[in-house]
Amino acid sequence: MPKLIIDNIEVEVPAGTTVLEAAKKVGIVIPHFCYHPALGSVGACRLCAMKFLEGPVKGIQMSCMVPAQDGMVVSTTDDEAAKMRSLVIEWLMTNHPHDCPVCDEGGECLLQDFTVAGGHGIRRYRGKKRTFLNQCLGDYIEHEMNRCIECYRCVRFYQEFAGGSDLGVMGSAARVYFGRFEDGALASPFSGNLVDICPTGVYTDKTARFRARYWDYDMAPSVCPHCSLGCNTIPAARYRELLKTMARRNDAVNGWFICDRGRFSNSPVNDPERPRHPMIEGREAGWDEAFDALLFRIGELCELHGEGSLAVVGSGRLALEGSALLPQLAGLLGAGFLCYFTDDGAGDRTATAVSLLNTDNAASMADVRASDCIAIVDCDLLEEGPMMLLAVRQAWRNGAPVLLVGEHSPLEQAKAASIEAVQISFLEEAPLGLFENPVVICGTKNSSPAAIEKLARAEARVACLLPGPNAFGAALLAREHGGTSLAAAVATGKVKGIVAVEADIPVELLEGVALVAAFDWLPTEVVKKADIVLPTTAWTEMDGTFVNNEGRAQRFRKVMTPGLPIKGLPERYHASADKPAPFHPPRVHRKEPPGGDLRPAWRVIMDLIERLGGEKTEEPLSGKLEALRDLDPEGEGVRIWEIDG
Amino acid sequence: MPLLTDTKALLLGFWTTWKHIFRRPVTIEYPDEKRVPYPRFRARIVLTRDPDGGERCVACYLCSAACPVDCISMQAAETDNGRRFAAWFRINFSRCIFCGLCAEACPTMAIQMTPDYEICKREIMDLVYEKEDLLISGCGKDPEYNFYRHAGIGVVNRRGGNPDEEPPVDPRSLMP
């Protein structure tokens, strides 16, 4: 452990740490562009100069390129180093265009920050600025090459970290150009990270182009709901519209990045078709009226078809708070069936996977990244959890062989991340025993319970990809409370009424069901067919908890106030309802945003429980789950096994 | 002697009033008579146009960020040729304190203060000015400045066609 002194502060760091990282550890941040914790250093930007006063190297050095060594005495405030940094930033700015007001990066731009930090204000160089032509990089990413400062972060991420092959660096001298060989959409499923990783505005989010500035965003720590991996995100909203999603660092889960599905799937939250009011038989109603109607109809149903003809259905996308209250609701309603999964297979496969995992054998994405042999069993990671593929690539870059097992593991996924994988037919053929740290990754979409059970015998840690962000939590609760799948319940012929809480149910299962009530925020088929609809909030509009595929409970915070987005607000909410809606927000005052009277699913369930005479509490998590109440949304999350004891 | 000091104080008061009867008043008979403020007087805010007649405002959100009372709001949008503009722009003059920080923050000289101080309305919503109420047809101060002639993003001129820019380079060229 080398010990060195930086600005009179003594610091001890592990061997191999650079001086830049050592300085960061004691809170000294030196401007830097090319260094990124996930990508390492290349010494390309020349900005992180420090003066080495004593020790094995002396003089002005790039701190990101010098490993910390014993006896080093380093100064960041030395005049010579500060001068060097101010000249470098001035030189980086000579060709940078004068377009911050029309650049989406403005306000969240590292170049802006470090230009100010370097003390550069007025351009002294009077020569002309170099310009480039831009490329069209598809529907998600905007390219503006004039802003480039040649830090090489984008190609290093795209080619080395993510294994993309269609974005590279071309040209020489002052013509260095980062882009594709020709115009076209970026092929990598992780291309959206270029937006986060570019220190200036070369790559910006096209879906949120010109919509808001960083200081205006409604932001909160959140968790991605688009697969079971539970990557940490920061959604950003403005004027009740979810504009974009950024990656949030969590070293135990996603690391620094997220996939394009998680980043660019913001539109469902802003969908004008979303249920915004409680509905009874297609008619808008108040909450109390809808609750009364629902309970009356359920009473009627029980009288007609007898007790136990009702099924209460949850899902893998319903947050843990709502899922945990379902058994109580089912009990009070006298429901015969409590279902956490819709179709038989998915429920069984998830249940098998969840019962297989325990605190010792469940592999997180961090474990996958550190693994030395990976077998992907009956799983298309691009479909079931793209970030797992990025984790697999990091292991492969460190020399771990990657095996694709079974006919449902297509080679395309390996190609998408430029991984050289070997296809084999059976897991038994994989020489997992030869390695110290092997991981088996298994899907639940095209697998079978028997195949998943076999993983327990493999001498490796296991990562299962599940259907939905809280599928793990749903499966745990299903096991504890004896839940069945809806398909099995319907097959008994007893189900005459369904209460679907954020559940996607195929239309066939709804046939012959007399009463369908849907609590949902998505305009699903069930919502369209339901007799009674109670609108719930999306995950960005509430606090909640998801338990990801490795049993890690993670808290997400409310990002935005629910309500119809100001953009495209219908005429009837404006001052003159008979005229076409103007561009500007309404010129009338309201106490609450239009279409904003939504409640989180757990709150709707709790309100129902209260009406049924159950005990009302403000804390949906009780019993064993009580330990999750104070979960830190910015922490690494808690494995579900750690709270049991 | 309280009687003496009281009389003195009384007479002094009357004497001061008497003196002021013959002075010129500092007030004027507004609204019959109006003062012309200095050109840099800070009153009603306008949005100006560039010398080519285009809207100067690029909706960069800097004025709304600078505004200490949060009376400015807007939404940026993009035209087909890539020009960024304000889809809507709203200043709530019932909140504005006329501090001028917005005009100071404006990087395109779009938002400017005028000497027009007569903003009174009976209805408070009438003090909420929309873009059509704010946009004037002239340049105001800095009549020569057009942001897009310096921005380097190819809206007014083609890319690399502004006076301080080189034409676009060919990254595939092998010339040194």
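This is a predicted model: local features need pLDDT of at least 70, side-chain atom pairs count only at pLDDT 80 or more; totals for chains, interfaces and linings use all residues.
Q: Why is α4(A) described as largely enclosed by the rest of the structure?

A: Seven of the nine residues of α4(A) are buried, and so the helix is largely enclosed by the rest of the structure. Among these buried residues are A:Arg153, A:Cys154, A:Val155 and A:Phe161, and the elements of chain A against which the buried residues pack include α3 (110-118), α5 (193-197) and α13 (386-397). After the helix comes A:Gly163, whose phi is positive, near 70 degrees.

Q: How do you know whether A:Arg552 is buried or exposed?

A: The relative accessible area of A:Arg552 is 7%, and since buried means under 20%, A:Arg552 is therefore counted as buried. This arginine lies in strand β28 (residues 552-556) of chain A, and a polar atom of its side chain lies 3.1 Å from the backbone oxygen of A:Glu636. A:Glu636 is also one of the residues in contact with A:Arg552, as are A:Ala252, A:Ser364 and A:Phe546.

Q: What makes B:Glu130 and A:Arg587 a salt bridge?

A: The closest N and O atoms of B:Glu130 and A:Arg587 are 2.8 Å apart, and because a salt bridge asks for a distance within 4 Å, the pair is counted as one. The count between chain B and chain A is four salt bridges, and 20 residue pairs across this interface are in polar contact.

Q: Which elements of chain B give two or more residues to the side that touches chain A, and which of them gives the most?

A: The elements are α2 (62-66), β2 (72-78) and β3 (84-92) of chain B, and β2(B) gives the most, with six residues. The residues on this side divide into 26 nonpolar, seven polar and twelve charged. In the interface as a whole, 45 residues of chain B are in contact with 39 residues of chain A, and the two chains bury about 3400 Å² between them, 55% of it on carbon and sulfur atoms.

Q: Why is A:Ala173 called exposed, whereas A:Asp378 is called buried?

A: The relative accessibility of A:Ala173 is 63%, and because exposed means over 50%, this alanine counts as exposed. For A:Asp378 the value is 13%, and because buried means under 20%, this aspartate counts as buried. A:Ala173 lies in the loop between β7 and β8 of chain A, while A:Asp378 is in the loop between β18 (373-377) and α12 (381-384) of chain A.

Technical notes:
Residues are numbered from 1 along each chain as its sequence is written. Chains are lettered from A and ligands numbered from 1 in the order in which they are written. Side-chain values use heavy atoms; hydrogens and water are left out. Contact means heavy atoms within 4.5 Å. Buried area is the accessible area (1.4 Å probe) that two parts lose on being put together, summed over both. A salt bridge is a side-chain nitrogen of Lys or Arg within 4 Å of a carboxyl oxygen of Asp or Glu. A polar contact is a pair of N or O atoms within 3.5 Å; within protein, one must be able to donate a hydrogen and the other to accept it, and residues adjacent in sequence count only if both atoms are side-chain atoms. Helices (H or I, at least four residues) and strands (E, at least two) are DSSP runs, numbered from the N terminus. Ala, Val, Leu, Ile, Met, Phe, Trp, Tyr, Cys and Pro count as nonpolar, Asp, Glu, Lys and Arg as charged, and the others, Gly among them, as polar. Buried means under 20% relative accessible area, exposed over 50%, partly exposed in between (1.4 Å probe, protein chains only). Lists of a residue's contacts leave out its neighbours within four places in sequence.
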